[in-house]
Amino acid sequence: MVVAASERLHIVPEEDSSKRRQILDGARKVFMALGFDGASMGEIARAAQVSKGTLYVYFADKSALFEAILEEEALQHGQVVFNFDPARDAETTLKDFGQAYIHLLCRPGGGSAIRTVMAIAERMPDVGRRYYARVLDKTIHRLSDYLKAHVASGDLDIDDCDLAASQFMELCKASLFLPFVFQAAPAPSQERMTEVVDSATRMFLATYRVK
C-alpha cells in the first residue's frame with residue numbers, strides 16, 4: 001500500500017512513539033485472542049483504534065507487527081536483572097535466578113508470544129530461530145558463563161556448562177511452565193514456584209557441586 005508523503009511529514013517524534021505504542025498494544029490483544037493466522041490488519045486496526053492507512057504507515061504487514069512484538073518480548077527478557085556476579089555463591093545465585101526466570105515465563109500474558117511462535121515456527125522458521133536466539137539462547141549463555149566461573153574457582157565440576165545451564169532452566173520449569181503455557185493451569189503461586197526452584201537447586205548442586 002502506498003502512503004502519501006504528507007501523512008508521514010506531520011508525525012512528530014512524540015506522536016509517532018505514542019501511536020506506535022497504541023498499535024502494538026492493539027496488535028498484541030488480537031494476536032493473543034486470535035493467534036497469528038486468525039489476526040488480520042483490519043482486526044488490528046480496530047483494536048488499536050486507528051485507520052488501516054495509519055496502521056500501514058508504521059507496519060508493512062502483520063508479520064512486521066508480530067516481529068515488533070517479539071522484539072519487545074526480547075527486550076523485556078533482557079531488562080530482567082539476573083545477578084550473575086561470579087563472587088556470589090552458587091546456591092544463592094541459582095535460587096535467585098530460578099525465581100526471576102520462572103516469574104518472567106509465567107507472568108500474566110507471558111505465554112502468549114511463546115504459544116504464537118510455536119504455532120507458526122514450522123511454517124516461518126526464521127521467526128522461531130530469531131525468537132530463540134534473542135530470548136532463550138541468550139539467557140542460557142549468561143547462566144553458562146556464571147557456571148564456568150565457578151568451575152574455574154573449583155566450586156563446581158561441570159564438563160559442559162551450556163548443557164548444565166539448560167538443565168537447570170528446565171528443572172525450574174518442571175510442573176510449572178507447560179501447564180501454564182498450554183492453559184491447563186493458572187499461573188503458579190509464589191509458594192509453588194519457590195518449592196520447585198529450591199528442589200531444582202538441590203538436584204543441580206547434588207550433581208555438579210565438587211564433593
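1. What share of the contacts in the protein with a separation of 6 or more comes from residues 24 or more positions apart? The share is 73%. Keep in mind that this is a predicted model.

2. The protein has eleven helices and zero strands. The C-alpha trace spans about 70 × 35 × 30 Å along its principal axes.

3. Of the 211 residues, 42% count as buried. The accessible surface of the protein is about 11,300 Å², and carbon and sulfur atoms hold 55% of that area.

4. On charge, there are 25 positive and 29 negative side chains. The centres of these two sets lie 5 Å apart.

5. Helix α7 covers residues 110-120 and is mostly covered, with eight of its eleven residues buried. Among them are Gly 110, Gly 111, Ile 114 and Val 117.

6. Helix α11 takes in residues 190-208, which makes 19 residues. From first C-alpha to last it reaches 27 Å, close to the 27 Å expected at 1.5 Å a residue.

7. Which residues of α11 are buried? They are Met 193, Val 196, Val 197, Ala 200, Thr 201, Phe 204, Leu 205 and Tyr 208. Seen down the axis of α11, the buried residues fall within an arc of 160°, so they line one face of the helix. The face turned away from that buried side carries Glu 191, Arg 202 and Ala 206, which are exposed.

8. The cover over the buried residues of α11 includes α6 (90-105), α8 (125-152) and α9 (161-173).

Notes: Residues are numbered from 1 along each chain as its sequence is written. This is a predicted model: local features need pLDDT of at least 70, side-chain atom pairs count only at pLDDT 80 or more; totals for chains, interfaces and linings use all residues. Side-chain values use heavy atoms; hydrogens and water are left out. Helices (H or I, at least four residues) and strands (E, at least two) are DSSP runs, numbered from the N terminus. Buried means under 20% relative accessible area, exposed over 50%, partly exposed in between (1.4 Å probe, protein chains only). Contact means heavy atoms within 4.5 Å. Accessible areas come from the Shrake-Rupley method with a 1.4 Å probe; for residues, only the protein chains shown count as cover. Lys and Arg count as positive and Asp and Glu as negative; His and the chain ends are not counted. The place of a charge is taken as NZ of Lys, CZ of Arg, CG of Asp or CD of Glu. The expected span of a helix is 1.5 Å times one less than its number of residues. The arc is that of the directions from the helix axis to the C-beta atoms.
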